[in-house]
Amino acid sequence: QSRYPADKPRECEFAIVVADEHRGRGIGSKLMEVLMKSAKEQHQERMLGWVLSDNQPMLSMMKNLGFSIAPYAGDAAYQLCVKELI
């Protein structure tokens, strides 16, 4: 899923879910690659999403995809993942 907030016309949010029995197969990476490609085609400049701080596989995947990762000030349970698409 990718969402384009109206108040930030060049920024989009991502969210993906992979069923437990399908994790570790590269599905999440492929989904993110499709979302990033689609966002670029829609002329988005930045993609962001919140990942649970204890979800190390997802955080590792985001790092491998070139996202910057930082603690989310709004809730310590999450990390904010951001990628510049331009």
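Analyst: The model is predicted, so local features are described where pLDDT is at least 70, side-chain atom pairs count only at pLDDT 80 or more, and totals for chains, interfaces and linings use all residues. Residues are numbered from 1 along each chain as its sequence is written, and side-chain values use heavy atoms, with hydrogens and water left out.

Along the sequence their order is β-β-α-β-α-β-β. With a radius of gyration of 13 Å, close to the 12 Å that the globule rule gives for 86 residues, the protein is as compact as a globular protein of that length. That radius is taken over C-alpha atoms, and the rule is 2.2 Å times the number of residues to the power 0.38. The C-alpha atoms fill a box of roughly 35 × 30 × 20 Å along the principal axes.

Of the 86 residues, 33% count as buried. Here buried means under 20% relative accessible area, exposed means over 50%, and partly exposed lies in between (1.4 Å probe, protein chains only). Among contacts (heavy atoms within 4.5 Å) between residues at least 6 apart in sequence, 55% join residues at least 24 apart.

Helix α2 spans residues 56-64, and its buried residues are M58, L59, M61 and M62. Viewed down the axis of α2, these residues fall within an arc of 160°, so they line one face of the helix. The arc is that of the directions from the helix axis to the C-beta atoms. On the other side of α2, P57, K63 and N64 are exposed.

What lies over the buried face? The cover of the buried residues of α2 includes β2 (11-14), α1 (27-41), β3 (46-52), β4 (68-71) and β5 (78-84). At 15% relative accessibility, M58 counts as buried. Leaving out residues up to four places away in sequence, M58 touches F14, I16 and V51. The C-alpha atoms of M58 and I16 are 9.9 Å apart, although 42 residues separate them along the chain.

Strand β3, part of the cover of α2, contains W50. At 35% relative accessibility, W50 counts as partly exposed. Beyond its neighbours within four places in sequence, W50 is in contact with E13, Y72, Y78, Q79 and L80. Its C-alpha atom lies 8.1 Å from that of A15, 35 residues away along the chain.

The loop between α1 and β3, two elements of that cover, contains H43. H43 has a positive phi of about 65° although it is not a glycine, and at 56% relative accessibility it counts as exposed. In the loop between β1 (2-3) and β2 lies R10, which counts as partly exposed at 42% relative accessibility. Setting aside residues up to four places away in sequence, R10 touches Q42, H43, Q44, E45 and R46.

Technical notes. Helices (H or I, at least four residues) and strands (E, at least two) are DSSP runs, numbered from the N terminus.
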